[in-house]
Amino acid sequence: MVYLDNAATSWPKPESVYSIVNRFMKNSCANPGRSAHQMARISSNVVMKTREALAGLFNIRNPLDISFAANATHALNMAIQGVLKQGDHVVTTAMEHNSVLRPLYHLREKGLIDYSIVMPYDSCGNVSPSSIAAAIRPNTRLIVLSSASNVTGTILPCKEVGGIAAEKGILFLVDAAQGAGVLDLDIEAMNISLLAFPGHKGLMGPQGTGGLYVAPGVEIRPILYGGTGSRSFETIHPDFMPDVLEAGTLNAPGIAGLGAGIQWLMEVGPEKIREKKKLLLEAFFEAMDNVPSVRIYSERDTGKNSGIISFIIPGMDSSDIGNILDKKYGIAVRSGFHCAPLAHEALGTMKTGLVRISPGYFNTIQDMEYAAMAIRQIAGG
Ligand SMILES: Cc1ncc(COP(=O)(O)O)c(C=O)c1O
């Protein structure tokens, strides 16, 4: 199988990730942050090391400002449902994933908030910071923006939008699902107040991992209440990070794996990883040159693309193309709507969907050439 579905979840993982999860499960998988015995202390240390690695990666001063989550969806829900209050307005874009849109729909349905959705200005899903600025109202409390579109891979203007949010005193939530481990995300340089990230995509950790950074001073309510190992006699759930968002036992084996994933990332070097993705995308684009029967919706300029190529063959449904790639050629891609319905509406692909190719560090130029050859054959070109 040629796996080209890393935007959904990265595979394979570095060997160190498999081995630490296995070792940790067998040798020291006690409950972190609860008991004081040796095994629990080892567990707590591993969790803290991963927090520190994440803090280093995103330029976060205090690792305790990061809470762990089960995935990016969980982290986005904690952020959106945790900070918004009655009467707030939110600015977001049509390029967002349902894990941003559905919590917003839910809060509006309950009569709590209102939102404005900014449209992209081209067929790659680029969004202009000025159109986001134009949608701000006096009661806008939050701007939500993806670091990169999961439909087209287009890198969205987080730095510029963070500047606008900071100037207006508005909270800025970045959905880093497609950016974490891929783009240079710096919470200070980008004025990010809340950063939601998955652990199982670009950070190379196991599924069931993710997290949310909450800037100091941002008031956040929990969406889950329960045991935190702290202030057990109080009836009120703790209001300090990370306990406020970490009710219940953490996924310590997964977090250990996430730590190993980030360590691998730092050892290889983010620059080298970006360079590899660039080479893979370029190899595909080159191999697809002069095939007019394939319509590509992703930036060809690899500096503007997080590592995705989405396309359609007019006259075919994306799921049929995905099935042929899987069954006939042994190539794993994602077809359909990528949980981003408004993006497909904006791009005009809501009838057919798109086929998404997302290579990872372990793919080869040959994988990309093979995929391009298969697509050319399917397109008859
Ligand atoms: C942009 C974007 N946001 C959010 C998510 C949700 O991530 P998770 O599957 O970790 O919940 C995804 C998943 O693909 C995504 O691409």
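**Figure 1. Residues of the shell around the ligand in a predicted model.** The shell divides into four nonpolar, eight polar and one charged residue. Which residues come nearest to the ligand? Of the 13 residues around the ligand, they are Asn 71, Ala 72, Thr 73, Asn 150 and Ala 177.

**Figure 2. Helix H2 crosses helix H7.** Two packed helices are described by the angle between their axes and the distance between the axes. Here H2 spans residues 38-58, and H7 spans residues 252-268. Their axes come within 9 Å. They cross at roughly 40°. Angles under 35 degrees count as roughly parallel, and 65 to 115 as roughly perpendicular. H2 and H7 are therefore oblique to each other. The crossing of H2 past H7 is left-handed.

**Figure 3. The contact of H2 with H7.** On the H2 side, the contact is made by Ser 43, Val 46, Val 47, Lys 49, Thr 50, Ala 53, Leu 54 and Leu 57. H7 brings Ala 252, Ile 255, Ala 256, Leu 258, Gly 259, Ile 262 and Gln 263. How do these residues of the contact divide? There are 10 nonpolar, four polar and one charged.

Figure 4. Most residues other than glycine have a negative phi, and most peptide bonds are trans. Pro 12 sits in the loop between strand S1 (2-3) and helix H1 (15-27). Where is Pro 242 found? Look in the loop between strand S8 (210-214) and H7.

**Figure 5. Arg 231 has a positive phi.** The value is near 45°, in a residue other than glycine. Arg 231 lies in the loop between S8 and H7. Pro 242 is found in the loop between S8 and H7 as well. Arg 231 has 13 C-beta neighbours inside 10 Å, so Arg 231 counts as partly exposed.

**Figure 6. His 338 has a positive phi.** Phi of His 338 is near 55°, and His 338 is a residue other than glycine. The loop that holds His 338 runs between strand S12 (334-336) and helix H10 (341-347). Is His 338 buried or exposed? A residue is buried if 20 or more other C-beta atoms lie within 10 Å of its own. His 338 has 23 such neighbours inside 10 Å, so His 338 counts as buried.

Key
Residues numbered from 1 in each chain as written. Predicted model: local features only at pLDDT ≥ 70, side-chain atom pairs only at ≥ 80, totals over all residues. Axes fitted to C-alpha atoms, helices over the stretch in contact; angles between N-to-C directions. Helix = DSSP H or I, 4+ residues; strand = E, 2+ residues; numbered from the N terminus. Parallel < 35°, antiparallel > 145°, perpendicular 65-115°, else oblique. Left-handed = near helix turned anticlockwise from the far one by under 90°. Contact = placed C-beta atoms within 7 Å. Nonpolar A, V, L, I, M, F, W, Y, C, P; charged D, E, K, R; others polar. Near = placed C-beta within 6 Å. Buried ≥ 20, exposed ≤ 12 C-beta atoms within 10 Å, placed from the backbone.
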